[in-house]
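Please report on the cores, the cross-links and the helix packing of this chain.

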Amino acid sequence: MKPTLTAILAATLALSAGAAAAQSIQCGQPYTVQRGDTLSQIADRAYGEPQSYQLIYSANAAVIGPNPGIIEVASVFNIPCLDAPLTASTASAAVIRQEDTTERLAPAPAPNQQIRFVTATDWAPFHDQNQEQGGMLTEIVNVAMSKVRGEDGYKIDFINDWSAHLQPLISDGAYDISLAWFRPNCDVIDRLGEGSQFRCNNLDWSEPLYEQIVGYYTRADAPAPVGYQDLFGRTVCRPAGYSMFMMEEHELVEPNITLAQPGTPDGCFQGLVDGSYDVVVLSADVADGAISELGATDTVIKHDALDSVATIHAVTSKNNPNGLSYIAELDDGLRQLKDSGEWFEIVRRHLAEHRMKQ
């Protein structure tokens with residue numbers, strides 16, 4: 001949208017007044033991006049909490065695009081209120097079940113009778129059996145599918161073995177769709193590791209269920225990296241078992257870096273604080289909780305210029321003859337969910353509840 005003369009004059013005045021950049025931003029009102037703004041700064045001025053920028057990104061992902069480290073001057077953002085009333089879930093828990101082992105699986109249903117989704121727990125706030133409706137992404141898919149199929153047209157099972165989902169569960173047709181997986185940049189497949197290449201070559205993807213900001217963190221007293229190559233030669237921490245594609249894409253692999261992989265995000269940040277590691281690469285919503293728990297908010301800094309967006313999707317096997325049609329149904333429901341505003345309300349509720357637990 002082309003800025004009006006009034007908006008241009010307002011932006012000019014804001015730049016010339018030294019105090020203007022520090023003024024508060026009112027939630028519930030549109031905000032026009034000024035020169036020098038970052039998502040963290042906008043969140044700090046709106047909420048007094050720079051770590052709440054993920055919510056601002058989710059509310060404005062279509063405007064911001066895939067690079068949250070660069071926001072366009074004169075873009076108009078919706079600034080949601082953190083204390084706005086949360087809407088109740090409309091999802092039915094009846095379609096969510098737990099399967100303890102893969103040995104108990106029934107034969108796959110006949111085509112087009114029922115779509116079978118599989119997910120797993122212990123990935124809060126996205127998938128977790130202890131959360132309302134099984135987590136944010138479980139609820140998004142549940143409500144989206146209810147719009148296009150009705151409750152009898154699909155089931156969502158928790159099988160708590162992530163490593164079995166892509167092989168054999170969806171590859172052999174026991175399930176149709178797995179929730180949920182990060183999509184690597186398959187345009188640079190030659191840079192990707194074996195796991196990421198498998199996803200590129202063997203999976204079909206839904207539209208994004210959620211876009212997650214991935215941040216790069218260093219100690220506040222360390223030299224600030226301007227680009228990814230500034231991290232070459234450093235010890236970079238990414239927890240064991242976490243996807244590596246966002247680092248592989250930028251050649252942040254050995255021998256360009258020394259890779260450290262403790263078992264938890266807390267382990268990465270503890271090592272960063274005590275000097276064992278130089279950099280931590282982690283999604284912002286997970287990182288903020290770990291940093292806060294360590295009491296390291298003044299010790300650790302995120303470098304907004306290196307932010308990237310990792311998109312999370314439902315996936316089906318390319319071997320599934322009905323996979324693409326099932327994904328198309330899910331995408332249809334997702335579009336309805338986003339057009340109605342329900343998608344953002346689900347996201348906001350789960351992020352708020354997760355934030356209160358941290």
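## Disulfides

The structure holds three disulfides. The model is a predicted one. Counted along the chain, the bonded cysteines pair in the pattern 1-2, 3-4, 5-6.

| Disulfide | S to S distance |
|---|---|
| Cysteine 27 and cysteine 81 | 2.1 Å |
| Cysteine 186 and cysteine 200 | 2.0 Å |
| Cysteine 237 and cysteine 268 | 2.0 Å |

Take the pair of cysteine 27 and cysteine 81. Their sulfur atoms lie 2.1 Å apart. The link is right-handed, with 95 degrees about the S-S bond. It connects distant parts of the chain, 54 residues apart. Cysteine 27 sits in the loop between α1 (5-16) and β1 (30-32). Cysteine 81 sits in the loop between β2 (76-78) and β3 (96-98). Are these two cysteines buried or partly exposed? Cysteine 27 has 23% relative accessibility, so it counts as partly exposed. Cysteine 81 has a relative accessible area of 18%, and therefore is buried. The cut-off for buried is under 20%.

Next comes the disulfide of cysteine 186 and cysteine 200. The torsion about its S-S bond is about -90 degrees, so this disulfide is left-handed. Cysteine 186 lies in the loop between β6 (177-182) and α7 (194-202), while cysteine 200 belongs to helix α7 itself. The pair therefore ties together parts that are 14 residues apart in sequence. Cysteine 186 is partly exposed, at 28% relative accessibility. Cysteine 200 is buried, at a relative accessible area of 13%.

The remaining pair is cysteine 237 and cysteine 268. The torsion about their S-S bond is about -80 degrees, so this disulfide is left-handed. Cysteine 237 is in strand β9 (residues 235-237), and cysteine 268 is in helix α9 (residues 265-274). The two are 31 residues apart, and the bond links distant parts of the chain. Cysteine 237 and cysteine 268 are both buried.

## Cores

Which residues touch the most other members of the largest nonpolar core? They are Phe117, Tyr216, Tyr217 and Phe269, within a core of 84 residues. Helix α5 (residues 136-148) gives the most to this core: seven residues. A second core is separate and holds twelve residues, including Val118, Ile159, Ala164 and Ala174.

## Packing of α5 and α11

Helix α5 also packs against helix α11 (residues 323-340). Their axes come within 8 Å and cross at roughly 100 degrees. Angles of 65 to 115 degrees count as roughly perpendicular. The two helices, α5 and α11, are therefore roughly perpendicular to each other.

The contact can be listed by residue. From α5 come Ile140, Val141, Val143, Ala144, Met145, Lys147 and Val148. From α11 come Glu329, Leu330, Asp332, Gly333, Leu334, Gln336 and Leu337. By class, the contact of α5 with α11 has nine nonpolar, two polar and three charged residues.

## The whole chain

The chain has twelve helices and 13 strands. Of its 358 residues, 51% are buried. How much of the contacts with a separation of 6 or more comes from residues 24 or more positions apart? Such residues account for 74% of those contacts.

Key:
Residues are numbered from 1 along each chain as its sequence is written. This is a predicted model: local features need pLDDT of at least 70, side-chain atom pairs count only at pLDDT 80 or more; totals for chains, interfaces and linings use all residues. Side-chain values use heavy atoms; hydrogens and water are left out. A nonpolar core is a set of buried Ala, Val, Leu, Ile, Met, Phe, Trp, Tyr and Cys residues joined through side-chain atoms within 4.5 Å. Buried means under 20% relative accessible area, exposed over 50%, partly exposed in between (1.4 Å probe, protein chains only). Helices (H or I, at least four residues) and strands (E, at least two) are DSSP runs, numbered from the N terminus. A disulfide is a pair of cysteine sulfur atoms within 2.5 Å. Axes are lines fitted to C-alpha atoms, for helices over the stretch in contact, and angles run from 0 to 180 degrees between N-to-C directions. Angles under 35 degrees count as roughly parallel, over 145 as roughly antiparallel, 65 to 115 as roughly perpendicular and the rest as oblique. Contact means heavy atoms within 4.5 Å. Ala, Val, Leu, Ile, Met, Phe, Trp, Tyr, Cys and Pro count as nonpolar, Asp, Glu, Lys and Arg as charged, and the others, Gly among them, as polar.
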